[in-house]
Amino acid sequence: MFRVLITDNLSPAGMEVLKNLQGIEVDVRQGLSPEEVREALKEADGIIIRSATKLTPELLKDQPRLKVVVRAGVGVDNINLPAATREGIVVMNTPAGNTTSTAEHTVAMMMSLSRNIAPAAASMSAGRWDRKLYTGTQLAGKTLGIVGLGRIGLSVAKRAQGLEMKIVGFDPFLSAERAAELGIELHRDIDDLVPLCDYLTVHTPLTDETRGIINAARLAKMRKGVRIINCARGGIVDENDLADAIEAGQVGGAALDVFTSEPPTDDRLVKLPQVLSTPHLGASTEEAQELVAVEAAELISGFLLRNE
Ligand code: MLT
């Protein structure tokens, strides 16, 4: 019997897949301290996590039974990959399931930011009728820069094209032919892209190369009043540099779903009136959570039962 530990909130659809399988037993334990996760891992052949559980080198060390970690979602930045590799633990993710939901959230954030939806709704709840204060900006005809043209970046591009925006993109891997087919003006140097944007959204993983890729120097090169959107990972846009640029009037506003530390420990950015923020909701739809949970359950059971 293989035991699968689940320490984060997984959609019941994924649990159903596992419960119906012979040879797999499920151990659901949420709200564990790191020390409790370490202990629970001693009895697990595999673990499914979302973003709350952090698999540090300390937790992954000396776990002879643990063979596989599956991240129900895209980002694996909460798993220490060098430590997993060192310990011979396979790491997998479910890259496709939440593409549409995250792209939709990005577009929702961009539209809400442009039309001041959140402050206008808050002012109505407070009994006001303030029309002048919340005059917005139209998206049609504006240029959206997309940093990272993977699944989510391309899905955002398609939706924004439907809103009649011009798309310029930065990506080192997408071929020039494919970009042309998709109607995207492709740039290989991010410094050529940033001055062109009225809006800029990032869709890369967080790595040493992408941490702070949008920083003070690049914000300064952008059009005055540019709006920045980050529904990918906290830290891709440098938070202090962004706050400075908003306060200086160089950046007109920002829509942020992700933060360097979650929840944010420094609330300077989220308290700025030009900032619209949500608590990492990009993939939080019933559909996305069901898809990633089922895919995670199939991946982990397939892996364990195949390697019996
Ligand atoms: C992901 O990496 O899949 C998303 O950010 C969603 C999440 O962390 O739950």
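1. In this predicted model, strand β7, helix α8 (residues 176-181) and strand β8 form a β-α-β unit that is right-handed. The two strands of this unit, β7 and β8 (residues 185-187), run parallel and are joined over 3 bridges. Within this pairing, Leu186 of β8 is the bridge partner of Gly169.

2. Is strand β7 mostly covered or mostly uncovered? Of the 5 residues in β7 (residues 166-170), 4 are buried, and the strand is thus described as mostly covered.

3. Helix α7 deserves a separate comment. It contains 12 residues, and the distance from its first C-alpha to its last is 17 Å, close to the 16 Å expected at 1.5 Å a residue. Just after α7, Glu164 adopts a positive phi of about 70 degrees.

4. Which elements do the buried residues of α7 pack against? They pack against α5 (99-114), β6, β7 and β9 (199-202). The buried residues in the helix include Ile152, Leu154, Val156 and Ala160. Gly153, Ser155 and Ala157 of α7 are buried as well.

5. A last point concerns the ligand. The residues around it are Arg50, Ser51, Gly73, Val74, Gly75, Asn98, Gly282 and Ala283. By class, this shell comprises 2 nonpolar, 5 polar and 1 charged residues.

Notes: Residues are numbered from 1 along each chain as its sequence is written. This is a predicted model: local features need pLDDT of at least 70, side-chain atom pairs count only at pLDDT 80 or more; totals for chains, interfaces and linings use all residues. A residue is near a molecule or strand if its C-beta atom, placed from the backbone, lies within 6 Å of it. Ala, Val, Leu, Ile, Met, Phe, Trp, Tyr, Cys and Pro count as nonpolar, Asp, Glu, Lys and Arg as charged, and the others, Gly among them, as polar. A residue is buried if 20 or more other C-beta atoms lie within 10 Å of its own, exposed if 12 or fewer, and partly exposed in between; C-beta atoms are placed from the backbone. Two strands pair if DSSP finds at least two bridges between them. A crossover is right-handed if, with the strands pointing away from the viewer, the path from the first strand over the helix to the second runs clockwise. The expected span of a helix is 1.5 Å times one less than its number of residues. Two residues are in contact if their C-beta atoms, placed from the backbone, lie within 7 Å.
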